Amino acid sequence: KAREILEPVKTLLLAARGKYRSMAFPDPPVLNVVLLTLDPTTQANASGGDTIRVNLAKWSETDTLTQQHAVAHEYFHVIQQQQRLTNIRALSLDISTRDISPAASRWMDEGTAQWMACRLYPEGTGNALARVQKDFCFKELDLYEEGKGKSPHEYQTYIFFAWLDTLYDA
C-alpha cells in the first residue's frame with residue numbers, strides 16, 4: 001500500500017513546496033516523509049521540524065483536494081517548526097525538537113497552517129468552513145474540550161487569519 005501512495009504524496013509535497021517558495025518561505029533543510037498507520041482520525045501530522053507522517057489507512061479513502069490540503073497544512077507546520085528552532089537556537093538556548101511542539105499556542109499553529117493550506121488550495125476552503133462550530137469564538141483560548149485533549153480553537157481559528165489577510169496586502 002505504501003508503494004501505491006508514495007508518488008502521489010511526493011507530487012503533492014513538491015507542489016506545496018513550490019507554492020510556499022513562491023511566497024518566499026524557506027525550504028526545510030531536510031524533510032523526512034514516513035508512511036504508516038496512524039490514529040484513524042489523522043490524515044497526516046508533522047513533527048521535529050523535519051518530518052511529515054502520512055496515514056496509510058486514511059490516505060486512499062480521501063479525495064485529492066483533501067490530500068492536497070493535508071500536505072500543504074503539514075508542510076507549513078514543518079516551516080513553523082524550523083523557524084521556531086532557528087530563532088531559539090539563535091538565542092543560544094539548548095533545545096531539542098521535542099521542545100518545539102506547541103502547547104497553549106496550538107490554536108495559532110493550527111489556525112495559521114489551516115489558513116495557509118486554504119490559501120494554497122482555495123477550492124478546499126469549503127471543507128475547512130464546514131468544520132467551524134458556530135460557538136467557537138465564544139470559548140476561551142485556553143479551553144480544552146473535555147475528554148478530547150484538543151482546543152476547540154485549533155483549526156477553526158484559520159478564519160481569523162483569513163480575515164486578517166483580507167485587510168492587508170501580503
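This is a predicted model: local features need pLDDT of at least 70, side-chain atom pairs count only at pLDDT 80 or more; totals for chains, interfaces and linings use all residues.
A pocket is here an open set of grid points with protein on both sides within 12 Å along at least five of seven lines, and its lining residues have an atom within 4 Å of a point. The lining consists of Leu 6, Val 9, Lys 10, Leu 13, Leu 14, Arg 17, Asp 27, Pro 28, Leu 31, Val 33 and Tyr 75. Helix α1, which spans residues 2-22, gives the most to this lining, with 6 residues. By class, the lining residues of the second largest pocket divide into 8 nonpolar and 3 charged, with no polar residue.

One of the lining residues, Val 33, also takes part in strand pairing: its bridge partner in strand β3 is Ile 52. Strand β1 (residues 32-36) and β3 pair in the parallel sense, over 5 bridges.

Strand β3 comprises residues 51-55 and is mostly covered, with 4 of its 5 residues buried. Besides its pairing with β1, β3 is joined by 4 bridges to strand β2 (residues 44-47), and these two strands run antiparallel. Within this antiparallel pair, Ser 47 has Thr 51 of β3 as its bridge partner. Strands β2 and β3 form a hairpin with 3 residues between the strands. In that hairpin, Gly 48 takes a positive phi near 70°.

Technical notes:
Residues are numbered from 1 along each chain as its sequence is written. Side-chain values use heavy atoms; hydrogens and water are left out. Buried means under 20% relative accessible area, exposed over 50%, partly exposed in between (1.4 Å probe, protein chains only). Two strands pair if DSSP finds at least two bridges between them. On a 1 Å grid over the protein atoms alone, a cavity is a set of points where a 1.4 Å probe fits but cannot get out, and a pocket is an open set with protein on both sides within 12 Å along at least five of seven lines; lining residues have an atom within 4 Å of a point. Ala, Val, Leu, Ile, Met, Phe, Trp, Tyr, Cys and Pro count as nonpolar, Asp, Glu, Lys and Arg as charged, and the others, Gly among them, as polar.
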